[in-house]
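Here is a short briefing on one protein model. Keep the structure open while you read.

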Amino acid sequence: DGAAAVLSKCLQVCGGTVIADDLKPYEMPAEYLPCIKLDWVQSGLKNYSRIVLFTNFMGERLFLKNKLVDSTFDMDEFKSTDIKYFIGSLESYSEGFDLSKISNLAIVIYSLSWRGKTITQAVERQNNKMRTEPIDVFFPVIKDTPEVDLYNRVAIGKRNFNASFFRDIKR
């Protein structure tokens with residue numbers, strides 16, 4: 001495995017899953033605390049009536065759907081019912097959807113994209129003139145993992161991780 005593949009596996013583990021050599025996603029064993037982010041979402045955001053979870057990895061979406069009983073992958077179903085959780089791809093849902101009519105909403109970037117543009121678009125699409133209340137966006141990042149550097153470069157710095165990583169190496 002190359003460095004990018006290893007980094008991708010590390011980021012998958014932070015979300016509670018990993019894709020093995022057989023290309024199937026597996027939940028991490030309990031000793032690796034696979035639910036640490038999910039537990040934070042459920043306890044830390046319990047005052048929100050609706051929660052959108054965006055992930056970067058398909059295995060995470062399946063993992064979350066299995067753990068969150070009141071959840072859906074279907075955006076139309078989420079918008080038209082009282083289902084608490086929508087679970088979707090950060091890449092696919094970074095453009096072209098509007099949740100401005102949903103109140104008491106939290107958006108969780110459960111796992112980060114390598115591209116700052118994707119994260120910025122996903123958040124800014126919800127912060128539009130139709131919204132009547134503030135938008136709350138959360139980035140659960142596990143301390144002392146590669147997620148911290150990725151978050152600092154992509155979510156905070158709004159840069160492309162790969163380009164900024166290589167620029168930093170050249171110094």
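Helix α3 (residues 58-67) lies across β3, β4 and β5 in this predicted model. The helix runs at about 170° to β5.

**The sheet**
- Five strands form an open sheet in the order β4-β5-β3-β6-β7, and the pairing is parallel.
- The edge strands are β4 (71-72) and β7 (136-138), and each pairs on one side only.
- Strands β3 (residues 50-55) and β5 (residues 85-89) run parallel and are joined by five bridges.
- Leu53 has Ile87 in β5 as its bridge partner.

**The nonpolar cores**
- The largest nonpolar core has 22 residues.
- Val52, Phe54, Phe78, Leu99, Leu105 and Ile107 touch the most other members of this core.
- At least two residues of this core come from each of β3, α4 (75-80), β6 (105-109), α5 (116-124) and α6 (146-156).
- A second, separate core has 15 residues, including Leu38, Tyr85, Ile87 and Ala106.
- Beyond its neighbours within four places in sequence, Phe78 is in contact with residues including Val52, Thr72, Tyr85, Phe86, Leu99 and Leu105.

**A buried lysine**
- Lys37 lies in helix α2 (residues 36-44).
- Lys37 has a relative accessible area of 2%, which is under 20%, so this lysine counts as buried.
- A polar atom of the Lys37 side chain lies 2.5 Å from the backbone oxygen of Tyr110.
- Leaving aside neighbours within four places in sequence, Lys37 is in contact with Cys14, Gly15, Tyr110, Ser111, Pro140, Ile142 and Glu147.

Key:
Residues numbered from 1 in each chain as written. Predicted model: local features only at pLDDT ≥ 70, side-chain atom pairs only at ≥ 80, totals over all residues. Heavy atoms only, no water. Pairing = 2+ DSSP bridges. Helix = DSSP H or I, 4+ residues; strand = E, 2+ residues; numbered from the N terminus. Contact = heavy atoms within 4.5 Å. Axes fitted to C-alpha atoms, helices over the stretch in contact; angles between N-to-C directions. Core = buried A, V, L, I, M, F, W, Y, C linked by side-chain atoms within 4.5 Å. Buried < 20%, exposed > 50% of the residue type's maximum accessible area, 1.4 Å probe, protein only. Polar contact = N/O pair within 3.5 Å; in protein donor to acceptor, adjacent residues only side chain to side chain.
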